[in-house]
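Student: I would like a close look at one part of this model. Please take me through it step by step.

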Amino acid sequence: AGQHKSRRQEGYERWTEGDRLRDLDALASLQRAGMLLPGVTTLSPQSRPDGQQENAGCGRVCLVIDDSGSTTGKTLRREQESAFAVIAAARRLGDPVGLVVFGSSVTSSITPTTKYDKLERTIAGLSSSSGGTKLAPALSKALEYFPQTLQGALMVMTDARFADRDAVTSKLNALPEGVTCTVFCFGEETSIR
């Protein structure tokens, strides 16, 4: 685990309050931890002597978004806003983004692409109309987008009311070593776990 953690932070230095806000790499920071704690979980890209940034992107991002009936209203809007923020960061860094939308089953998927507008249109069209919540099939589909040698980030957005917890645990244990997983569990308007 220590080796994996150090690789995720390679090319970064710690960002803390007082540093320029534009230097905060929110995507890399959220991949490292589920919340931004200045000086603890926040990162900014390290500059090389030639002025270039090291390790600017994470390689590949895959969004897994819950569109089940229980995400109606504010939960769905929060999922969409979060997904748009991730896409905006990926666009800035040139990272391809994949998308898997699920409810009772996988209802939509887009292989990782830099055609961010297509992803945004699909996410904007979600309607909380995909039945129940089975996350494991969506994770299986997302894992297809991460060959064993590829680094990246898997970001799941859900209200955490999925019915297949044991299968989900098995899928998460099968993540390639270079892929980090962050699960955003949206509940009430002020709640995120």
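Student: In which sense do strands S3 and S4 pair, and over how many bridges?

Tutor: S3 and S4 pair in the parallel sense, over six bridges. Two strands count as paired if DSSP finds at least two bridges between them. Helices (H or I, at least four residues) and strands (E, at least two) are DSSP runs, numbered from the N terminus.

A word on the source. This is a predicted model, where local features need pLDDT of at least 70 and side-chain atom pairs count only at pLDDT 80 or more, while totals for chains, interfaces and linings use all residues. Residues are numbered from 1 along each chain as its sequence is written, and side-chain values use heavy atoms, with hydrogens and water left out.

Now look at S3 itself. Six of its six residues are buried, so S3 is largely enclosed by the rest of the structure. Buried means under 20% relative accessible area, exposed over 50%, and partly exposed in between, with a 1.4 Å probe and protein chains only. Val-61, Leu-63 and Ile-65 point one way from S3. Cys-62, Val-64 and Asp-66 point the other way.

S3 also pairs with S6. Five bridges join these two strands, which run parallel. Here Leu-63 has Met-155 of S6 as its bridge partner.

Step back to the sheet. Five strands form an open sheet, in the order S5-S4-S3-S6-S7, with mixed pairing. S5 and S7 (179-185) stand at the edges with a single partner strand each, so one side of each has no neighbour in the sheet. From one strand to the next, the twist averages 10°. Axes are lines fitted to C-alpha atoms, for helices over the stretch in contact, and angles run from 0 to 180 degrees between N-to-C directions.

Next come the helices. H3 packs on the sheet and touches S3, S4 and S6. Contact means heavy atoms within 4.5 Å. The direction of H3 makes about 170° with that of S3. H5 (residues 135-143) packs on the sheet too, touching S3, S4, S5 and S6. Its direction makes about 160° with that of S4.

Return to the S3 and S4 pair. S3, H3 and S4 make a right-handed β-α-β unit. Right-handed means that, with the strands pointing away from the viewer, the path from the first strand over the helix to the second runs clockwise.
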